[in-house]
Amino acid sequence: MNDQELNSMKLDVLREIGNIGAGNATTALSVMLNSGLRVEVPVVKMLDFDEIPDMIGGPDTVVAAVLTHFTGEVSGMTLFVLEMEEAKNLAGTMLGRTYDENFTEFDYMDRSALKEIGNILMSSYISSIGTLTNLKFTIAPPAICVDMAGSVLSLPISELGQVGDKALIIDSKFLDNERPINGFLLFVTDDVSYEHIFQALGIG
Amino acid sequence: MGEVIKVGIADWKLCKNPDTITTIGLGSCVGIVLYTATDDSCGMVHIMLPSSKEIKNNTNRAKFADTGIEDLLKALEKCGIKRQQLVAKIAGGAAMFQFSGKTDLASVGERNVKAVKEVLAAFKIPIVAEDTGKDYGRTIVFDNVAKKLTIRSAGKGEKVI
């Protein structure tokens with residue numbers, strides 16, 4: 001898909017899908033963490049591959065990312081990417097832990113907590129797209145990675161690279177009690193899946 | 001000290017001493033440096049997929065192991081470098097996410113490394129050093145004066161090959 005093929009109506013639909021998905025996801029997470037989490041209206045954008053790691057401080061910024069992929073009438077993956085301080089905040093909130101300044105690496109429990117947070121966020125995100133479109137797909141268990149943003153994002157980027165040279169991204173940002181969280185939820189899928197989504201919503 | 005030349009994702013560049021050449025955050029992608037023992041120029045390519053032949057949309061040749069290495073090689077030859085003298089150092093091809101169950105996603109890195117080795121073998125370019133696989137990202141910097149490739153990983157320090 002290229003910029004020309006994306007008319008404003010389709011962009012609106014994608015934005016709305018992201019909105020509903022992230023809205024549900026936020027509600028699920030707020031309940032779990034008992035916090036005032038909110039989501040901003042998502043931004044739909046077409047990016048060059050090199051620009052994707054810049055969304056979170058550049059390719060050498062260390063991030064924690066949870067990835068879930070799904071297959072079926074819609075295939076693709078979602079990634080929940082957090083800058084390290086935010087990941088510590090979230091894992092700490094969930095586990096009732098604090099991390100001292102000598103902190104270097106997440107242990108098994110931290111990783112497991114972050115994976116679960118990502119899982120809840122992304123499952124509710126993807127499920128709401130399923131409900132909206134009535135399309136069928138299965139969601140695989142999530143996986144986590146803590147490393148440089150460039151390296152972490154190389155997997156979704158190479159998936160996208162199989163079909164084009166740009167990425168159509170639905171980027172949702174979250175607010176924790178009005179403070180913006182330095183992270184995002186990324187939804188990436190292929191052209192065929194987008195066509196299925198548009199057709200299901202009657203704008204094919 | 002010269003400048004640091006940055007190679008992006010699915011990109012290749014040439015570098016002339018005393019400049020150094022780098023690519024940041026290799027995950028499943030592979031970075032390949034081609035150089036000779038004597039020449040002032042070298043080159044680096046950052047590939048993300050094994051083969052241009054399996055993909056319909058293959059206009060960006062630097063994206064693939066086969067066409068990316070071929071184009072870099074041709075560019076080096078245009079600078080007067082002899083193919084027979086070229087050697088390679090490679091890094092990357094990690095499996096960043098550990099998935100439960102077997103999936104194609106987990107093996108992109110491994111397939112990239114395999115393809116790079118096949119392509120280099122076909123061009124008869126020997127690999128003199130490599131740091132590939134495993135489960136972490138790598139930033140690489142090549143110094144063509146010292147002929148050393150420095151690999152930086154988050155939380156793992158530096159390694160020189």
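**Entry: ground rules.** I count a salt bridge when a side-chain nitrogen of Lys or Arg sits within 4 Å of a carboxyl oxygen of Asp or Glu. This is a predicted model, so I ask for pLDDT of at least 70 for local features and 80 or more for side-chain atom pairs, while totals for chains, interfaces and linings use all residues. Residues are numbered from 1 along each chain as its sequence is written, chains are lettered from A in the order in which they are written, and side-chain values use heavy atoms, with hydrogens and water left out.

**Entry: charged pairs.** I looked up the total, and the structure holds 14 salt bridges over all chains. In one of them, R138(B) meets D131(B) at 3.0 Å, N to O. Buried or exposed, I wondered about R138(B)? R138(B) is buried at 0% relative accessible area, and D131(B) is buried at 4% (buried is under 20%, exposed over 50%, partly exposed in between, with a 1.4 Å probe and protein chains only).

Within it, the closest N and O atoms of E70(B) and R61(B) are 3.7 Å apart. E70(B) is partly exposed at 24%, and R61(B) is partly exposed at 33%.

Next I checked D110(A) and R97(A), whose side chains form a salt bridge at 2.8 Å, N to O. D110(A) lies in helix α3 and R97(A) in the loop between α2 and α3 of chain A, so the pair ties together parts 13 residues apart in sequence. (Helices are DSSP runs of H or I, at least four residues, and strands are runs of E, at least two, numbered from the N terminus.) D110(A) is buried at 2%, whereas R97(A) is partly exposed at 31%.

**Entry: where the chains meet.** I found 29 residues of chain A in contact with 31 residues of chain B (contact means heavy atoms within 4.5 Å). How many salt bridges cross the interface of chain A and chain B? The rule finds zero there.

**Entry: nonpolar packing.** The largest nonpolar core has 54 residues, and I52(A), L79(A) and F97(B) touch the most other members. (Such a core is a set of buried Ala, Val, Leu, Ile, Met, Phe, Trp, Tyr and Cys residues joined through side-chain atoms within 4.5 Å.) I followed F97(B) across to chain A, where the residues it touches include A65(A), L67(A), L79(A) and V152(A). Apart from that core lies another, of 43 residues, with F137(A) and F198(A) among them.

Key: Lists of a residue's contacts leave out its neighbours within four places in sequence.
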